[in-house]
Amino acid sequence: MSSSESSEQKQYFSTELLSWYRRHKRDLPWRRSRNPYHIWVSEIMLQQTRVDTVIPYFNRFMDKFPTVAALAEAPEDEVLKAWEGLGYYSRARNLQSAVREVQERYGGVVPDTKEEVASLKGVGPYTTGAILSIAYNKPEPAVDGNVMRVLSRYFLIEDDIMKGSTRVSMEKLAQELIPEEAAGDFNQGLMELGALVCTPKSPSCLTCPVMAHCAGRAAGMEESLPVKTKAKPPRPERRYAVVIEGAAEHAGRVLIRQRPAEGLLARLWELPHAAVPTAP
Ligand code: SF4
């Protein structure tokens, strides 16, 4: 990462982004309180999933499991049922086991230190930063792909965002940008800018609150940043699935099996299937 980011450029970014966010932020259900449990659940749901999809799930989930204690005590099947359709079910399982830990170890209160939050199952550096900054207003960065895109463009950083070292330097930069006493709003502003304005394709630079000092835009590179090496393409696999229907007293039933406890789609139910043999 270059060290050319001037303090004026940083100061401008922090001030303008914060004031834009406070004027334009979307009214989302998890923004109506600073309840750390609500923030935590919303952040887990929002991983890999669009805001519009998450809203009804979040509302239903909170009706059903309104507190840490309620989620900790719920049977796993009920939690997975409430998650049905959101995908990536390990998120729900990890969330529940971490919530159980919070219930047992911290008396149901989500902890407020980096070490404790980061040690919870399924809570990575981004979610740790989001919980600490939004719920507790602690100056912790919350850097995900969206945030790296915005920072790469604004500061014209050409480092590959798929590299761990780039994430570390982006976190350091994001931390320097957090204004005192406004960590939660600033981090949410950064996420909001990435979601609404500095979008992956065709960013809306003309309505962007920080365009005046955006180095990527000035260089005409807003569409080509961030630099991102391509992930390996998925490996296609062909499998036969069988449908075995019951007869006599089992009529109307279909044979399904449960997947192993670890790995892809762990413990979910499926039709029996086997790989299609390849020609010798
Ligand atoms: S000016 Fe354009 S490229 Fe720069 S931060 Fe704003 S939307 Fe992104």
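Me: Which residues does serine 42 touch, not counting residues up to four places away in sequence?

Reply: In this predicted model, with contact taken as heavy atoms within 4.5 Å, serine 42 touches Trp30 and Phe58. Serine 42 itself belongs to helix H2.

Me: Does serine 42 count as buried or exposed, and why?

Reply: The cut-off for buried is under 20% relative accessible area. Serine 42 has 1% relative accessibility and therefore counts as buried.

Me: How should I read an aromatic pair, and how many does a search of the whole structure find?

Reply: Two quantities are read together: ring centres must lie within 6.5 Å, and planes over 60 degrees apart count as edge-to-face. The search of the whole structure finds 7 aromatic pairs. One of them joins phenylalanine 13 and phenylalanine 186, edge-to-face, with 6.3 Å centre to centre and 75° between the planes. This pair links distant parts of the chain, since phenylalanine 13 is in helix H1 (residues 7-24) and phenylalanine 186 is in helix H11 (residues 183-196), 173 residues apart. Phenylalanine 13 counts as buried because its relative accessibility is 0%, and phenylalanine 186 counts as buried at 0% as well.

Me: Why is the pair of tryptophan 30 and phenylalanine 58 edge-to-face?

Reply: The ring centres are 5.3 Å apart and the planes stand at 75°, so the pair of tryptophan 30 and phenylalanine 58 is edge-to-face. Here too distant parts of the chain are linked: tryptophan 30 is in the loop between H1 and H2, and phenylalanine 58 is in helix H3, 28 residues apart. Tryptophan 30 is buried, with a relative accessible area of 6%, and phenylalanine 58 counts as buried at 2% relative accessibility.

Me: Which residues form one aromatic cluster?

Reply: The cluster consists of Phe13, Tyr154, Phe155 and Phe186.

Me: Which residues of H3 are buried, and what covers them?

Reply: An α-helix has 3.6 residues a turn, so residues three or four places apart point the same way. In H3, the buried residues are Val51, Val54, Tyr57, Phe58, Phe61 and Met62. Their cover includes helix H2 (36-46), helix H4 (68-73), helix H5 (76-83) and helix H6 (90-106).

Me: What lies over the face of tyrosine 57?

Reply: Arginine 60 lies over that face, at 4.9 Å from the ring centre of tyrosine 57.

Me: What span should helix H3 have?

Reply: The expected span is 1.5 Å times one less than the number of residues. For the 14 residues of helix H3 (residues 51-64) this gives 20 Å, which agrees with end C-alpha atoms 20 Å apart.

Notes:
Residues numbered from 1 in each chain as written. Predicted model: local features only at pLDDT ≥ 70, side-chain atom pairs only at ≥ 80, totals over all residues. Heavy atoms only, no water. Helix = DSSP H or I, 4+ residues; strand = E, 2+ residues; numbered from the N terminus. Buried < 20%, exposed > 50% of the residue type's maximum accessible area, 1.4 Å probe, protein only. Phe/Tyr/Trp six-rings, centres within 6.5 Å; stacked < 30°, edge-to-face > 60°. Lys NZ or Arg CZ within 6 Å of the ring centre and 35° of its normal.
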